[in-house]
Amino acid sequence: MARSPEQLYSELLAHLRQVALLESCGAILGWDEQTCLPAGGSELRADQSALLAGLAHERATAPVVGELLGELTSRGWPADAASPERANLREIARSYRRATALPRRLVEELTKATSLSQKTWVAARKQRQFSLFLPDLERVIALRREVAQALARGECDPYDALIDEYEPAMTAADIAQLFAPLRHELVKLIGQIGQSGRQPPVEILTRHYPADAQRAFSFEAASEIGFNFEEGRLDVAAHPFCSGIGPGDCRLTTRYDTHHFPGAFFGTLHEAGHGIYEQGLNREAWGTPLGSACSLGVHESQSRLWENLVGRSLAYWQRAFPKAQKMFPEALQGVSLDQFHAAINDVRPSFIRVESDEVTYNLHIMLRFELEQLLVSGELAPADLPGAWNERFQRDFGITPSHDSDGCLQDVHWSAGYLGYFPTYCLGNMIAAQLFDTARAQLGDLDAAFRAGEFQPLREWLNTQIHQHGKRWPTAELVQRVTGKPLSSEPLVRHLKERFGPLYGL
Ligand code: ZN
């Protein structure tokens, strides 16, 4: 007897859950690699990760996936074009097309090359020597260009094909159009802030903050905003990240610098924002697009929203600052809330993206967006990256890094083959501001809630509006549905003016 469409659909989902299981094994190995793997184990780990990636790829591209998709399409199932099942099939077909465009050899080679090049990157960054990293970077970029060509199939720009992996349905042209007006406003605002003559007392933040107390304070903050530690962890890694291994297991990392308070604290809030998204996904749909995050831009909107819109607000610190003073008496004795709040919102051109403020951060991203397009098109050779970086950095920030670890060696992304990834950070900032505007309009006085330590209404709103839907709609459509407006940089610009205007007397 012929199987019903429902049976075919469940067979397809069962197959994809096995792919997701293999990928979650890879994620555990990746987490372990970043947190506790002894240096000597890196060659073995590269082989293990490559094998797992290859197996997952083989399963994801198995002919049965294409057959089931074809069968369901030919039967016109499901009839309702707006149904969640239809969205799931659309996204499954999309991933299948992407995955089958790549030969297994290329997937394994890239996994191994990036695993090794990340190690080289760590060493090169430590020694401030780009030349140590160059051969690995050349190899990774060559492989990524090969991937981009294979994915584009001559039908679109190769760089767009890479963006599509992180931000489906968006192109470099769409992004450039969103960035242009934002860039204009940022440059203006940074100029005004520079001329204001105000210098927040940032020295407060580099006093002695014991690591144990930082850990306890960050842990409590992550927990309060709603990261569930019964189903998650917080560990130390050189490059902070969040890894949603699967239902019930989501892992955050941060790093503690005893003479820099914001790093670990805001880093943890940020990663917890990612974690809350992962923990809020629809569990029944795990292993399928409906149970996966919409896109990296939307993912980043969740982390930025908690880190910046909530975590750097005055209302948040009206409640948290007295607690911080108790936790760090030596550093914060005699410091006022206003001084502290100004210090954590200090705006100034600086070299390191992850330590930069809410305003200049976006310019850091635009610079990377510009450079990686040139790397993928081949217009910029990897060997010429430091020069191209420094030249643009001087143009945008008015300063030039004195060594490459403060320049093009600072981020892990390119060593990991993540090209097309950077713009999602800035999109995340825009989406966060736009969502927060709508949340404020619908939930009432959020500042009062934060002052009372009530974060649940906002978290639940995000859960029902964003988390629960997974990939049901692409980013632009999701944002339009939730906020009633097309995605734009206007809410972000407004937020920045509202926050930094009073702080800098503009
Ligand atoms: Zn993030």
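**Ground rules.** Helices here are DSSP runs of H or I with at least four residues, numbered from the N terminus. I'm working on a predicted model, so I treat it as that and no further.

**Entry: A169.** I started in the loop between α7 (158–166) and α8, where A169 is found. Its phi is near 70°, a positive value in a residue other than glycine. Buried or exposed? A169 comes out exposed, because its relative accessibility is 60% and the cut-off for exposed is over 50%.

**Entry: A172.** Next I looked at A172, which lies in helix α8 (residues 172–195). I noted A172 as buried, because its relative accessible area is 9%. Which residues does A172 contact once neighbours within four places in sequence are left aside? I found Y159, D160, I163, F369 and Q373. I also checked A172 against S74: they are 98 residues apart in sequence, and their C-alpha atoms are 34 Å apart in space.

**Entry: the zinc ion.** Which protein atoms are the donors of the zinc ion? I listed NE2 of H270, NE2 of H274 and OE of E300, lying 2.1 to 2.2 Å from the ion. Along the chain, the donors follow the spacing H-x3-H-x25-E. Both H270 and H274 sit in helix α10 (residues 261–280), 4 residues apart, about one turn of the helix. Then I looked up burial for the two histidines. H270 is buried, with a relative accessible area of 8%, and H274 is buried too, at 10%.

**Entry: α15 against α16.** I turned to the pair made by helix α15 (residues 361–377) and helix α16 (residues 385–397). They pack at an angle of about 145°, with axes 11 Å apart. The crossing of α15 past α16 is right-handed. From α15, the contact takes in L363, H364, L367, R368, E370, L371, L374 and L375. From α16, I wrote down L385, A388, W389, R392, F393, R395, D396 and F397. How many residues of this contact are nonpolar, polar and charged? I have 10 nonpolar, 1 polar and 5 charged.

**Entry: α21.** The expected span uses one less than the number of residues. Buried in α21 are P491, L492, V493, H495, L496, R499, F500, G501, L503 and Y504. What covers these buried residues includes α8, α11 (296–310), α14 (337–343), α15 and α17 (423–443). Just after α21, G505 takes a positive phi of about 60°.

**Entry: α2.** I repeated the span check on helix α2 (residues 42–60). Its 19 residues at 1.5 Å each should span 27 Å, and I get 26 Å between the end C-alpha atoms, which agrees. Its buried residues include S42, R45, A46, S49 and A50, and L52, G54, A56, H57 and A60 are also buried. Which helices do the buried residues of α2 pack against? My list is α1 (5–35), α3 (63–74), α4 (84–100) and α5 (104–127).

Entry: L72 has its place in helix α3. At 1% relative accessibility I count L72 as buried, the cut-off being under 20%. Neighbours within four places aside, L72 is in contact with P5, L8, Y9, L12, W77 and L89. I also took L72 against D437, 365 residues apart along the chain, and their C-alpha atoms are separated by 41 Å. W77 came up again: a cis peptide bond joins W77 and P78, with omega about -5°. P78 is in the loop between α3 and α4.

Entry: R128 lies in the loop between α5 and α6 (130–152). Its phi is near 55°, positive in a residue other than glycine. My last stop was R348, in the loop between α14 and α15. I have R348 as partly exposed, with a relative accessible area of 32%. Not counting residues up to four places away in sequence, R348 touches Q199, P200, V202, D357 and T360. R348 and C250 are 98 residues apart in sequence, and I get 34 Å between their C-alpha atoms.

Terms used
Residues are numbered from 1 along each chain as its sequence is written. This is a predicted model: local features need pLDDT of at least 70, side-chain atom pairs count only at pLDDT 80 or more; totals for chains, interfaces and linings use all residues. Side-chain values use heavy atoms; hydrogens and water are left out. Axes are lines fitted to C-alpha atoms, for helices over the stretch in contact, and angles run from 0 to 180 degrees between N-to-C directions. Helices (H or I, at least four residues) and strands (E, at least two) are DSSP runs, numbered from the N terminus. A crossing is left-handed if the near helix is turned anticlockwise from the far one by less than a right angle, and right-handed if clockwise. Contact means heavy atoms within 4.5 Å. Ala, Val, Leu, Ile, Met, Phe, Trp, Tyr, Cys and Pro count as nonpolar, Asp, Glu, Lys and Arg as charged, and the others, Gly among them, as polar. Donors are N, O and S atoms within 2.8 Å of the metal (3.2 Å for Na, K and Ca); water is not among the atoms, so sites may look incomplete. Buried means under 20% relative accessible area, exposed over 50%, partly exposed in between (1.4 Å probe, protein chains only).
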